[in-house]
Every structure is written in C-alpha cells, then in structure tokens.
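User: Please examine the strand pairing in this model, beginning with the terms that the description requires.

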Amino acid sequence: MPEVKLDGVTKRYGKVTAVDHLNLTVRDGEILTLLGPSGCGKTTTLRCIAGFIIPDEGRIFLGKEEVTRLPPEKRDIGFVFQNYALWPHMTVFQNLAFGLQLRHTPREEIRQRVREVLSLVRLSGMEDRYPRQLSGGQQQRVALARALVLRPRVLLLDEPLSNLDAKLREEMRFEIRELQRQLGITAIYVTHDQAEALVLSDRIAVLNEGRLVQLGSPEEIYQRPANKFVAGFIGLSSFIKARVVTVGADAAILETEDGVRFKAPKNGLAKGQEVVLAIRPEHVEILSAPSEVLDNVFQAEVMRAAYLGNSIDCRLRLGKWELRTQLPPGRVLSPGEKLWIHLPSEKLILVKA
Amino acid sequence: MGTKWQRVLLEGLLLCLVFFLVFGPISSLVIWSIAIRWYWPHVLPQEIGLAYWKQALGLQRDWAIAAVSIWDAFGTSILVAVTSTALVMVMAIPAGYALARFRVPLKALILLLFLMPKAFPQQPIFVNLLPAFTRWGLAGTVPGVILIHILVCLIFGVWITTSAFKAIPQELEEAARSVGATRWCTFWKVLLPLAAPGLLVSTVFVFITSLTEFTGTFFIGLPFVTTLPMLLYSSSGYNMQFASVIAIVLLIPSLLFMVLIQKVLRPEYMGGIIR
C-alpha cells in the first residue's frame, strides 16, 4: 500500500512555478529524500504534504485518504523543522506532551510515552529543561522526539541538520537513519546535501525547477544519472561533449570537436548522435607509463592541485576539457606537469546532451 | 588596585547621574507639591505642608488654597483610559495578527492610515471632528472622549502588536498545527504567550497615552468631561503646587505598570522575542 502519493501536484507563486505537475509515490516504511538545489521546489513539496501549503493543482494522498485540502492538524503527520521550532515558553516535557494533551491522552500514558521517546533520542532526564538550555544538536533531537511521540503516519523532515556543525551533522545522519529503520516509519526527508541524501535514503527523488528529474536508489542515482544535471549535482563529474563517430559490434567510438577519441559501451547509441560523457573523479586512473593494451589512454596536463588531507584534488586538462580527479596524498604535482591517464570505457557515464 | 578604585568611582558617578536623571525631575515635583510658600531666590521652600495634597484628595476645603478635589477627574481619567485601552487592544490584537501573518491587500496603506491622525497637527483634525461629534450627540460626553482616545491610541496598539506577532517565527505556529492544534488553539497556547511581552508593552503605551491625552479631550470633552490632564493644564503656570500634585498622581499608574511588567515577564516568554 503506498503511504504517500502525489498526483500532479502543482504550486505557483505569481509567474514562478515552484512545483510543476509532480507525481511521486512514497512506499510504506521507506525513507525518501527530496534532493535538489535551493529553489527546486523540494521544501514547497514537503509543505504541501504537511498541509502548510495548499497546492494549486493535483492531489495528495496519505494511505487511501485524500488530504489535499485537509488542514495540517488533521493529517496525522510529524514535522521536523530546520530551525527546530521548539516552543521557547515550554519545557522539553511540555513540548513533547502538547500534542498528546490535545488528543486527551491519559496523564500517566503521556509521561510514559515522553520518557520512552526521550530515551530513544538519548535525552533521558532532560524533561524539565527549556529549549534555550540545550545545544543545537539536543534541540534538534527534541524536535525529532516531538514529532515521533505522536506516532504519526508519516514523518516529514525539512533540512533538519542544516543548522548543525559538520561533525554533528554527520553523526545525526546515521542516527536519523537508525531511528527510522527501528521504528519502520515512512519518512520524507528534504535536503540540498547530496552526501546526506546518499547516506540516509532508501530512494532519492532528484528535483530541479519544480520537476522530478530522477527517482531511484542512491546507487542508481550515482551510477546511472539520468542527465547532466543529476550527474553534476550528485557526486562530482567532469563533462565532455562528444559525437558518435562509429558504432561497432561491442563498442562505440566518440570524438570531441577538438579531436579527442573515446571508446565507450555502445548501449543504444546511433551514429552522429551528440552525447555528454560524465567522468567521476574516482574513474580517472593514473598510469606510470603509456599503455598499448588499454583503451582510452591519454596524456593530460596538471592545471591545479589542492591538498585535502586524505587526498589531492587535481584538475587536469585533456584537449580543451577539464577533468577533475582525486589522487592519493604524498604525490607532489605542479601545474604544467604531464600525466598519463586511463579512463576505463565501461565506467564512462553517457548522459543526454 | 588603582584601576579597581577608578572603576568603583566611575560606577558611583554613573549611578549618581542616573539617579539624578530619573529622580531629579520627580523630586522637584515632590518639593513643589508640598511647598506652601516658595519665592525666589530661595533654594528650598520657606514653608511646607500637605495643604494642597489634602485639598486635592478632598480631605479639606479651604478657599485660600487654590486646589479642588481631583477625585472626579481621576475617576473620569481612569474610566476613559481603561475603556479605551480595552477597546483598542480588542481591535489591535486581531488586526496586528492579521497584518503580521496574512497577505493583506493594501497592507502598507492600512498601516499608513493608522498613522494619519499622528502625521498631521492634531488641532485641525479635532476641530474638524467637533461638528460631527456634536451632530452624533457625542461632544461633551464620556463616550465621545473615549472614541477620540481610541483614534489617538490605535496607532500604538496596532503597530506594536503587529511587530510583536511578526517577531514570532512562523514555524512555531506550524509546529503546533503539525502536532494537532487548530489555528484557534495555536493562537491561545503558542502565539499569545510568546507575544505577551509585546502585547503588554503595547497595552502600557496605549494606557499611558490615553491617560495623558489632552488635545482631543479638550476639543471634544469640554466643558462637561474633565480628565486629570485638563485639570493639570488649567492650573499649570500660575499654580505649580496643584499642578505638581496632579503630575505625581498621573505618574502612579505608570509606576504600577512597571512593577507589573517586572512580575509578569518571565524569561521564558522573553525567549520568544530575544533569540
């Protein structure tokens, strides 16, 4: 049974279409990430599901029930905000108990459930603190607990980690993932951070300009990006424009306008077709000497190299194209230096121009 | 050691200055209010007594003392101020909420409209209003004066209330909605407690403005409605003693309000505004 379903959801602000005929189904018990650059419509979509925004067109279902025009308080959702949005005049206990009190839950049960959920987010004993007495990470855990204590049908998270520092953010990614698995709750997670999306998600929905660009597991999205935008947004990619020259029995030959030739898997290519090669940094192999047996071996020139601690971020020039790669540290690279590189043909990603 | 003493000295001087700035003008009022005879060039009154206070509070009637009982005017003032404050806030709270949260058409114009009575000299406006008030039978009546006070005070009510609601992040409301609170419940349980400091400030402003309002009361209220400021203005200049008594009486409500604010404003509530 699909837990959340969007059917042609559209929201316009004046002339700008924030969300454009979005169709999306979130499966029961999965965590789905809405990923995209700022202004891609991901937050607007989430707020439509929460009921804070009523879409101009389309329908939204939670389970079998249509909720498109239902006010947020009747939707049985949990929402976690980027800025935590804890009520500053209430203690942690009061923050968590508020929703339960509105449902006329017996006092003893409220106490029990608040205690349970606080231990779940590792904040036991913090009941009497006020939000301002907690650190950012603790506040965000309280916000998560406040959403979870009501055992909602769907948990909606709007960039919940953006206000935390880098280290805490990384820890919390795993924590949220763990919690979601443990509780088996259906969750929709909004972020612009591709690393976060890759770590957290069962599936990722990549949005751009209000439209769904690609939907798939993190592996699918990373390994088989649907187009240039996805290839550039998730993970690093260098792009090379080329034209298909010949299509052979098992491979195709591509050539750029400045004469660089590549061998690539032929899957569905036609002669004369324009394609874009997306090359991941980890797919650039450095050779110590030129090779006769390998395909796609080129001599490239070092443009810039930056030391990153565990690796060296290096920009190479191949013809008129720039290639980005990461090398193990310990190697001294100076601009102008020539390197032999190998681009394994089976690892080349071809996307639509 | 030297720097420590310098600091203590500096702090002491500052304290004296603050003390002087706050209590200097008031102490002069207090001295005037108990001065029976005080002629130039004496620094302090030659004769002091509570005659003006007694007369003003209606405890004695002496034709030699130029003061009348202030109780009637005081009662009228409080009645007018409390009523107009209540009515202004009843209008200002929903209006402020709406202006802060919803996309109200012509919002800037509406806020400007509230500002209008303050943007022009008061006298022409009130003079213009007098015929209308007379036609409606409101001139020289307490309801008429209350109406004019509402006109003068609404600006403070609406502007401060609007910014009080604006200062509360929208997400706090949305969070309440997401856990199941209706718009109405959210307003009472989340918005109002968090806006309380701002609303209280707004109420104090409106109350004090109404309590000390003169021009409108003068044009619309006289000769039948006399408030404390009317008594004060009519006696100031030639009768400093009686004027000082009234001035001190006028100070009392604002001092009470200060104490109330201290008592009511819990730091948790302030948390919503200072963040």
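Analyst: Two strands pair if DSSP finds at least two bridges between them. Strands (E, at least two residues) are DSSP runs, numbered from the N terminus. This is a predicted model, in which local features need pLDDT of at least 70, side-chain atom pairs count only at pLDDT 80 or more, and totals for chains, interfaces and linings use all residues. Residues are numbered from 1 along each chain as its sequence is written, while chains are lettered from A and ligands numbered from 1 in the order in which they are written.

User: In which sense do strand 3 and strand 9 of chain A pair, parallel or antiparallel?

Analyst: Strand 3 of chain A covers residues 31-35 and strand 9 of chain A covers residues 203-208. Leu34(A) stands opposite Ala205(A) of strand 9. The two strands are joined over 4 bridges, and their sense is parallel.

User: Which residue takes a positive phi in the hairpin of strand 9 and strand 10 of chain A?

Analyst: Strand 9 pairs with strand 10 (residues 211-216) of chain A in the antiparallel sense over 5 bridges. Ile204(A) has Gly216(A) as its bridge partner in strand 10. The hairpin has 2 residues between the strands, and the positive phi, near 50 degrees, belongs to Glu209(A).

User: Which are the edge strands of the open sheet of 5 strands in chain A?

Analyst: The strand order in this open sheet is 13-12-11-14-20, with antiparallel pairing. Strand 12 (residues 251-255) is joined to strand 13 by 5 bridges, and Leu254(A) stands opposite Phe262(A) in strand 13. Each edge strand pairs on one side only; they are strand 13 (261-265) and strand 20 (349-352) of chain A.
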